[in-house]
Each structure stands twice: as C-alpha cells, then as structure tokens.
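Thanks for coming, everyone. Please keep the sequence and the structure in view while I talk.

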Amino acid sequence: MAHGAPWTYHLSTVIALMTIVLFSWLGWMVWRQGFRVARLYVLAWSVFLLTIFLFALGNLGLMPYSVFVPYLPHFGALWVVVMLSLALGDRIRFLETERKQLALEAQQNLERHLADIEQMNQDKSMFLQYISHELNTPINWIGAADSLGQDSQGDQDVDVWAMVRKGQRRLTGIVSTSLRYFDLSDRNQPPPVGNCQPMWVLDGILREQAGRIEQSGIAVRNRVSPNLRVNASEGELQEVLSIGLDNALRFSAEGDSVDISSEVDVPGGYAEIRIRDEGKGATAEQLEHILEPFFVMGSRHHEEGFGLSLAMARVMIEQVDGQLWAESPGPGRGFTLHIRLPLSDMQAPRA
C-alpha cells in the first residue's frame, strides 16, 4: 500500500513534517526567551511531530505497518487541540496575573505620587511660613528706620541708614540663599566630579577664615590626612566644608575647640570627614530635623542664618553619591557633622 502511493502523497507527508518541525522549533525558541506558556505549545507540537513521523515511516514502509498507523495523525491532532486549549487557559491566567500586577503597581505609584504631592504641599506651607516669618525682621528694621528718619539728626542718621542696610542685606540673603537651595535641589544632573584632596581644600578655607577664628578664641585643628583623595566637585566640597566649619564656630564658645579629622574605609570604597565641636550640641528631636530646609536650631529665626546651609550641604554631597549626617551626645555636649564621600581611584594606600 505504502509503496504504491503516488509521489504527491509522499510530498504532502514531507511538507507536513517540515511544517510541524518549524512550529516545534519556533515554540522552543519562544520558551527559551522566558515565555512560560510556550511550554505547552512545544509539548503539543512535539508529540504531534512524533505521531506524524511514525505515520510517515509506516507509509514509506520503513517500519512494520500496523492498523493504528493511519490513525496516528488523528491522535496527534487531538493531542494538539487538548494542549493548545490548556495553553490558552494558562495564557488567560497569565494575563490576569499580569493585569493584577499592573493594577497593584499603578496603585502603588498613585499612592507614591499622592505622598509626594502631600510632601510638596507641606514643604510649600513650611516655606511660606518661614519666608513670612523671616521677612518680618528686615521689614521691622526698615519700618523702625523710617520712624527714626522722620525726626533724626546727626548720629541718628547713621543708625537709620545702618538699619536700612541691615534689612536690605537680610532680604537679599533670604532670596539668594533660597534660590541657591532650589537650584541645587532641582538640577537633573550631578556636578562634574574629579580627584579632590579635602585636607588642602580645608587648609585654604582655614587661611581665609583665620581672622574670624583668631577673634573667636576657638582652636581649630585640621587633622584630615594629606593623602586622602575623594571623588567630588571641588567647588562644592569647599562650600560644604565651609558650611560645616561655620556651623561649628557659630555654636561654639571662646576657649572651645573644633576638630576636623578623616577616616578611610578602603574595602567599603569611601572616606569620612568629621567636623566635631564642643558647642551647644543638639537633642535627638533636633537631630531628626537638622538637615531639613528652613530648620533653625533653637527657634524659627536666627539673625545670621536662614536654616538652609546644612540642607544645601546634604544635597551637594548626596548628588555625588555621598552621605551627610549629624550626631550629638546631647545639649551642651558638642556636635559632629559627618561627610562620607567615595574614594578616588588615585587614593594613596596610606590615607
């Protein structure tokens, strides 16, 4: 029977074999790419391929002919229908799981955005309260100067203009410092970083501040290793160290000392600079908020500051993959500002 079949019969058998092999190979490739549902597709066409292969061997006389040989394609087709039905159900379950996952992620994103909006509203309210509070002082100075100026003479004129200039400087400082903070916070790209040596940066700051330090009667010791090299923006590192030193001097008393030291963790790939003073210190509650914008130690107002310096320092350090935090044993027991930065590739072994 098999030997008397026309050549078109054999051709159709070969084409069917090639088609099933192609389908099986495509299913296998899709399965390897991580599409889990394809495993049933591969199983369906692989078994069908086996039945067609046996059917072809029987028809070509390459294996003993059996009464079941003509029905092998039917069994294979039935198997494909069953497996593809299961694959369809598996696909539906997969899509349902994926839909739930997407819905969960969308819900989480929505909650996160709502939290961000709430935080922005709180920041806006805090900023408006801070600005309104801070503007009162220079405005009061200018108002007092205006009252004095109506009947002032001689030395009183000098006092009036001094008060006006002080108010003007305060207003200008609030605006420029706030703009600087928001510019730092909103920039999309971190500043260019390079190989910096904090000891020499700090040495330059101390030379510039020598007069103020001598006048304050506070001893400042620069014990940062001269071998230390970190990845940072040198200009912004100078600004951060100046902020830390200014904070230490402002809250220290005559006779106190400020100690600036460094420590290197080579396995961890970072260095830590510590600015420690013996000044007023801080409570645990103050430490929780001290790096937040517009937070001022002791009150909502300080004549010499705007509550933004440490917040700006934190932003600048974090944008170069560093960390900045503060510690204090308690009120009256000093304060330590920690600045952690990545080590430079040129870091000397003995930093």
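Eight bridges join E4 to E5, and these two strands run antiparallel. Strands here are DSSP runs of E, at least two residues, and helices are DSSP runs of H or I, at least four residues, all numbered from the N terminus. Two strands count as paired if DSSP finds at least two bridges between them. This is a predicted model, where local features need pLDDT of at least 70 and side-chain atom pairs count only at pLDDT 80 or more, while totals for chains, interfaces and linings use all residues. Residues are numbered from 1 along each chain as its sequence is written, and side-chain values use heavy atoms, with hydrogens and water left out.

Back to the hairpin. E4 and E5 form it with four residues between them. Gly269 sits in the turn and has a positive phi of about 80 degrees. Asp265 has Tyr270 in E5 as its bridge partner.

Now follow Tyr270 to the next strand. Its bridge partner in E7 is Pro342. Strand E5, residues 270-277, pairs with strand E7, residues 335-342, in the antiparallel sense over eight bridges. Ala271 stands opposite Leu341 in E7. Ile273 stands opposite Ile339 in E7.

Ile339 has another partner. Which residue is it? Leu324 has Ile339 in E7 as its bridge partner. E6 and E7 also pair in the antiparallel sense, over five bridges.

How well covered is E7? It is mostly covered, with seven of its eight residues buried. Buried means under 20% relative accessible area, exposed means over 50%, and partly exposed lies in between (1.4 Å probe, protein chains only).

Axes are lines fitted to C-alpha atoms, for helices over the stretch in contact, and angles run from 0 to 180 degrees between N-to-C directions.

Next, the helices on this sheet. Contact means heavy atoms within 4.5 Å.

H7 has 17 residues and reaches 24 Å from its first C-alpha to its last, close to the 24 Å expected at 1.5 Å a residue. That expected span is 1.5 Å times one less than the number of residues. Several residues of H7 are buried, among them Leu237, Val240, Leu241, Gly244 and Leu249.

H7 has a helix partner too. The axes of H7 and helix H9, residues 309-318, come within 10 Å and cross at roughly 145 degrees. The crossing is left-handed, a word used if the near helix is turned anticlockwise from the far one by less than a right angle, with clockwise being right-handed. Which residues meet there? From H7 come Glu236, Glu239, Val240, Ile243 and Asn247, and from H9 come Ser309, Leu310, Ala313, Met316 and Ile317.

Val47 is in helix H2, residues 38-59. Is Val47 buried or partly exposed? It counts as partly exposed because its relative accessibility is 27%. Val47 and Val80 are 33 residues apart in sequence and 8.0 Å apart in space, C-alpha to C-alpha.

Pro190 is in the loop between helix H4 (155-186) and strand E1 (194-196). Pro190 counts as partly exposed because its relative accessibility is 46%. Its C-alpha atom is separated by 9.2 Å from that of Glu318, 128 residues apart along the chain.

Last, the whole chain. There are nine helices and seven strands. Of the 351 residues, 35% count as buried. Take the contacts with a separation of 6 or more: residues 24 or more positions apart account for 72% of them. The chain exposes about 21000 Å², and carbon and sulfur atoms supply 59% of it. Those areas come from the Shrake-Rupley method with a 1.4 Å probe, and for residues only the protein chains shown count as cover.
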